[in-house]
Amino acid sequence: MAMTGVLRPGHMQLRVLDIEESVKFYKDVVGLVETGRDASGRVYFKAWDERDHNSLILREADRAGVDFFAFKVLDKATLEKLDADLQAYGLKTERIPAGDLLETGERVRFEIPTGHLIELYAEKTDVGNGLGYTNPNPWCAQSEHGIAPTRLDHCLLYGPDIDGALDIFTKVLGFYLVEHVLLEDGKTNLAIWLSCSHKAHDIAFVRHPEPGKLHHVSFLLETWEDVLRAADIMSMNKSSIDIGPTRHGITRGTTIYAFDNSGNRYEVFCGGYQPYPDSHPITWTWDEVGTGIFFHDRALNDRFLSVVT
Amino acid sequence: MATYYNVTIEETGETYRCSTEQSLLTGMERLGKKGVPVGCRSGGCGVCKIEIVEGTFTKKVMSREYVSVEEEAAGKVLACRVYPSSDIRLRVLGKMAKNVCKVAALEADTALLG
């Protein structure tokens with residue numbers, strides 16, 4: 001399909017409690033590539049196979065969690081149009097000047113009803129994946145260091161008004177609903193998985209009383225074997241594993257969840273399926289929500305469901 | 001060689017040995033003991049909050065979202081960021097939030113009523 005409008009998740013700024021400890025963790029355990037540091041002390045990373053300058057930005061703070069999550073849009077005209085559309089919808093938007101984030105153009109920032117800051121931008125410097133654009137090799141040293149996911153894939157955010165978020169993402173930003181979990185009443189969404197592309201999810205939300213919370217940020221691996229290797233690397237580094245390796249019923253992904261050294265949950269996963277905008281959404285009912293979340297256990301897990309930053 | 005101390009959880013009377021190189025939470029988990037709820041194990045989520053009733057310890061940075069400066073000074077800390085330097089008696093303050101489905105269901109009910 002032709003991809004226009006919002007292209008993909010582009011970057012997330014994450015709060016960490018100790019920046020140097022976290023840099024070491026994201027470099028050597030997760031296996032991301034450090035690409036820069038700015039005057040305010042933020043540290044920039046990308047996954048090895050990503051071509052744009054950064055996708056994860058760490059900021060030292062006294063509490064963990066997410067500052068903002070951003071999507072790259074096709075071009076500057078698209079950015080202008082979406083900004084106007086968001087304002088016409090009734091949202092207040094803010095312009096963050098080019099260069100505020102290293103190698104990143106102007107950003108349009110707005111708050112959604114779950115209490116999260118979402119950004120759109122059109123420009124980020126292409127630094128390449130290290131393989132070159134002519135006669136490239138299939139992999140490189142960076143692809144073999146640490147867990148080494150290929151890209152930032154999606155995030156799952158917790159907040160109160162997920163219906164409001166669904167409305168904005170589907171009506172203004174061109175996303176479509178891929179899967180959802182219903183509450184006992186058979187009508188109210190407990191959780192939603194949304195795509196702006198051909199992926200099973202680009203962003204997801206769970207209904208939760210506290211606003212602005214991060215459940216996890218997710219990175220893509222290519223095989224189930226890579227997920228098992230990730231589990232080994234986590235334990236070899238005495239890193240805190242939450243749950244897995246296992247499979248989700250929802251999206252069918254094979255996965256492992258763990259915590260970074262500030263308590264932010266991250267996922268590395270592979271698989272799932274490729275929906276299109278005309279794909280019928282998949283519904284998980286209240287009585288099978290445990291199966292939807294962890295297909296092998298078929299049961300809910302309190303820590304996975306309730307620990308957020 | 002690592003030095004070990006006795007850690008006692010007041011509520012349950014459970015006692016376990018914890019080395020100076022392990023956090024109180026990791027020490028508990030490694031021996032398969034229970035009593036302090038386990039969250040992120042990294043100082044960020046506040047689930048393993050405890051009060052040190054007796055004993056001395058060293059600590060690493062923990063999220064201000066869940067532990068204020070005053071609380072930290074008063075020994076109200078996160079078990080995953082605290083390492084024993086003597087025998088320890090602790091009281092459990094943190095708890096796992098209620099299952100999100102129950103919370104959400106309750107909210108939806110209230111919304112329908114309201």
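In the predicted model of chain A, nine strands make up an open sheet of mixed pairing, ordered β14-β15-β16-β13-β9-β12-β11-β10-β17; strands (E, at least two residues) and helices (H or I, at least four) are DSSP runs numbered from the N terminus, and two strands pair if DSSP finds at least two bridges between them. The edges are formed by β14 (241-247) and β17 (282-284) of chain A, each of which pairs on one side only. From one strand to the next the twist averages 15°. Strands β14(A) and β15(A) (residues 253-259) run antiparallel and are joined by four bridges. Ile243(A) stands opposite Tyr257(A) of β15(A).

Helix α3 (162-171) of chain A lies across β9 (151-159), β10 (176-182), β11 (189-195) and β12 (203-207) of chain A, at about 20° to β11(A). Angles run from 0 to 180 degrees between N-to-C directions, with axes fitted to C-alpha atoms, for helices over the stretch in contact.

Chain A has six helices and 17 strands in total. Its radius of gyration is 18 Å, close to the 19 Å given by the globule rule for 309 residues, so chain A is as compact as a globular protein of that length; the radius is taken over C-alpha atoms, and the rule is 2.2 Å times the number of residues to the power 0.38. Of the contacts in chain A with a separation of 6 or more, 64% involve residues 24 or more positions apart, a contact requiring C-beta atoms, placed from the backbone, within 7 Å.

Residues are numbered from 1 along each chain as its sequence is written. Local features need pLDDT of at least 70, and side-chain atom pairs count only at pLDDT 80 or more, whereas totals for chains, interfaces and linings use all residues.

Definitions and conventions:
Chains lettered and ligands numbered in written order. Contact = placed C-beta atoms within 7 Å.
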